[in-house]
Amino acid sequence: MFEPVIAPSGTLLGLLQRGRGDGTLHALAAPRAEALAALNHCVLSDPRHDWQVENRSLYYARLYLDLDGGLEEIEAHLFGAEDHFDTEENRTGLALAVLGHLASYGRQDALVLLRRYAATGTNWAWALDELALRDDDAGLRSLALPVLARFPAGPEGDAELSSAVRDAFEPRPWRLWAEDRRETVGARVRAAQERGSFDRWQRQMRPSGPRPGWSVQAVFDWAQEGLERGAVLHGPAARCLTAVAGPEDRPLIVEAARSGPDGARCAALHYLAESRDPAVLDLIEGAAGSDSRTVADAAVAAFERMCGEAAVDRARGWVHRPDALGTAAAGVLACRGGAQDATLVLGALRETVRSAGPDATALYTLVDGAGRLGIACAAPVLRHVYRETASSQLRGRTARALAATDPTFPTGFAVECLWDCEETTREVAALHAETGDVRVAERLRRLAVDPAEEAEVQTAVRNRIGPDLQV
């Protein structure tokens with residue numbers, strides 16, 4: 001999959017791609033044709049960097065409703081020739097999820113498109129999951145024959161059908177079809193359900209893959225063998241060491257962490273970090289400079305998982321390092337440091353934005369730390385991250401940090417956050433947005449009765465409506 005191209009944050013398209021609340025507000029004020037063109041662009045070319053954790057579907061569906069937008073562009077996208085060649089879920093997943101939300105709001109045209117795509121489209125399983133939540137029994141039963149026709153009779157087709165039944169995210173359609181009296185439908189689905197259950201039981205009773213013997217050296221050998229065949233077993237091996245290692249094994253483990261083969265060295269570092277061995281911080285510092293990228297990354301990961309004042313104190317000395325260990329040290333201070341570390345966290349936050357931009361992975365913990373430590377002078381850089389980041393997850397965390405550091409947040413960004421694509425961001429807004437703004441009062445009332453809104457958001461909204469607003 002190609003990385004999405006994100007438009008500047010000051011444009012309508014850029015706002016909608018980011019899922020910002022201002023995107024909806026600007027779209028409603030823009031010429032309708034321009035707004036619909038930008039909306040369709042977002043839905044047909046998924047703008048998310050990580051489509052598995054970022055939300056956009058409800059945000060875009062609500063905007064389709066507000067603009068009274070047609071679904072012709074989505075229909076052409078779903079049923080075009082490309083659907084037969086590009087079978088990746090992320091090509092059609094966002095469009096299908098938007099249709100699902102529209103169907104839940106009563107858009108019959110969206111329901112019809114979902115049924116049609118479930119019968120004929122490549123990403124039919126996603127469409128079926130959307131229908132499982134919104135369609136009636138009759139509509140789902142009508143799809144039994146076209147869906148089962150995808151699995152030809154015979155051992156190979158039956159095995160694929162069993163996998164589809166077993167792995168279905170929403171089981172409701174399969175349960176309905178299992179009740180069908182037709183031999184080609186009910187009997188076949190029931191047989192697939194039984195095979196799937198048996199396969200799952202077999203996997204649980206006979207886990208595949210090698211298992212280490214019950215000795216420290218055997219665990220090290222297992223970790224090294226796994227690394228050589230491309231399997232990262234540092235974490236599981238460290239847990240195995242916890243079960244088998246005794247005090248007499250410490251010299252062997254420390255030596256492995258200092259100079260062992262890469263697989264054993266990584267496992268030993270993780271084990272010593274988990275047990276807070278007094279020698280581990282020096283070993284981590286040495287491993288972080290290793291020529292082996294695997295060892296260096298494992299050392300940093302082990303340090304990031306450490307708790308205790310010793311790790312925090314060492315982080316204060318490492319935070320200025322220009323490498324991954326320095327970045328990890330800043331994250332440790334952000335997560336577990338005290339008030340005396342505010343200056344170091346602020347410096348790391350500014351430097352990360354300056355050198356790596358508003359989408360840097362390291363910003364997640366640094367933004368959280370700025371909010372946790374209440375660093376008021378971090379507000380300007382937090383506002384920059386909020387405006388510019390393409391990640392709605394990072395923007396939401398930045399909104400929480402701004403709520404703790406920026407006195408202008410309730411009358412500023414909190415207002416637009418009520419329209420944000422992430423439910424956690426809308427929840428923050430519901431708790432903090434200044435209700436003297438007429439837009440806030442109206443939006444809170446709408447969220448309180450919207451059946452598609454998350455329960456946590458509605459709880460926050462109703463808590464504000466009670467004392468502040470009269471409905």
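A charge sits over a ring if NZ of Lys or CZ of Arg is within 6 Å of the ring centre and within 35 degrees of the ring normal. I start my notebook with that rule. I note that this is a predicted model: local features need pLDDT of at least 70, side-chain atom pairs count only at pLDDT 80 or more, and totals for chains, interfaces and linings use all residues. Residues are numbered from 1 along each chain as its sequence is written, and side-chain values use heavy atoms, with hydrogens and water left out.

**Entry 1**

I looked up which charged end sits over the ring of Phe79. The charged end of Arg116 does, 3.8 Å from the ring centre.

Next I looked up aromatic pairs. Rings of Phe, Tyr and Trp (its six-membered ring) pair if their centres lie within 6.5 Å; planes under 30 degrees apart count as stacked, over 60 as edge-to-face and the rest as tilted. The search of the whole structure gave 7 pairs. One of them joins Phe79 and Tyr117, with ring centres 5.7 Å apart. Their planes stand at 65°, so I logged the pair as edge-to-face. Phe79 belongs to helix H5 (residues 72-79) and Tyr117 to helix H7 (residues 108-120). My helices (H or I, at least four residues) and strands (E, at least two) are DSSP runs, numbered from the N terminus.

Phe79 is partly exposed at 24%. Tyr117 is buried at 0%.

**Entry 1: The whole chain**

I counted 29 helices and 0 strands. The C-alpha atoms fill a box of roughly 70 × 65 × 40 Å, taken along the principal axes. Of the 471 residues, 50% count as buried. I then checked contacts (heavy atoms within 4.5 Å). Among those between residues at least 6 apart in sequence, 64% join residues at least 24 apart.

**Entry 2: Nonpolar cores**

In soluble globular proteins, nonpolar side chains tend to be buried together. I call a nonpolar core a set of buried Ala, Val, Leu, Ile, Met, Phe, Trp, Tyr and Cys residues joined through side-chain atoms within 4.5 Å. The largest one holds 88 residues. Ile284, Phe303, Leu349 and Leu418 touch the most other members. Helix H17 (residues 262-274) gives the most to this core, with 8 residues. A second, separate core has 56 residues, including Ala118, Leu140, Phe151 and Ala164.

Beyond its neighbours within four places in sequence, its contacts include Arg426, Ala429, Val440 and Leu447.

**Entry 3: Pocket and cavity**

Rolling a probe the size of a water molecule over the atoms shows where empty space is left. On a 1 Å grid over the protein atoms alone, a cavity is a set of points where a 1.4 Å probe fits but cannot get out. A pocket is an open set with protein on both sides within 12 Å along at least five of seven lines. Lining residues have an atom within 4 Å of a point. Points are joined across faces, edges and corners, and a volume is the space filled by probe spheres set on the points.

The largest pocket holds about 800 Å³ of space. Of its 28 lining residues, Ser57, Ala97, Trp126, Glu130 and Phe169 are the closest to its centre. Which helix gives the most to this lining? H8 does, with 6 residues.

I found 1 cavity of 30 Å³ or more. The largest cavity holds about 60 Å³. Among the residues lining it are Thr24, Tyr59, Arg62, Trp419 and Arg443. H4 gives the most to its lining, with 4 residues.

Why is H4 largely enclosed by the rest of the structure? Because 9 of its 11 residues are buried. Among them are Ser57, Tyr60 and Leu67.

Asp68 lies in the loop between H4 and H5. Its phi is positive, about 50°, although Asp68 is not a glycine. Asp68 is exposed at 56%.

Arg276 is found in the loop between H17 and helix H18 (280-288). Phi of Arg276 is near 55°, also positive in a residue other than glycine. Arg276 is exposed at 52%.

Notes. Buried means under 20% relative accessible area, exposed over 50%, partly exposed in between (1.4 Å probe, protein chains only).
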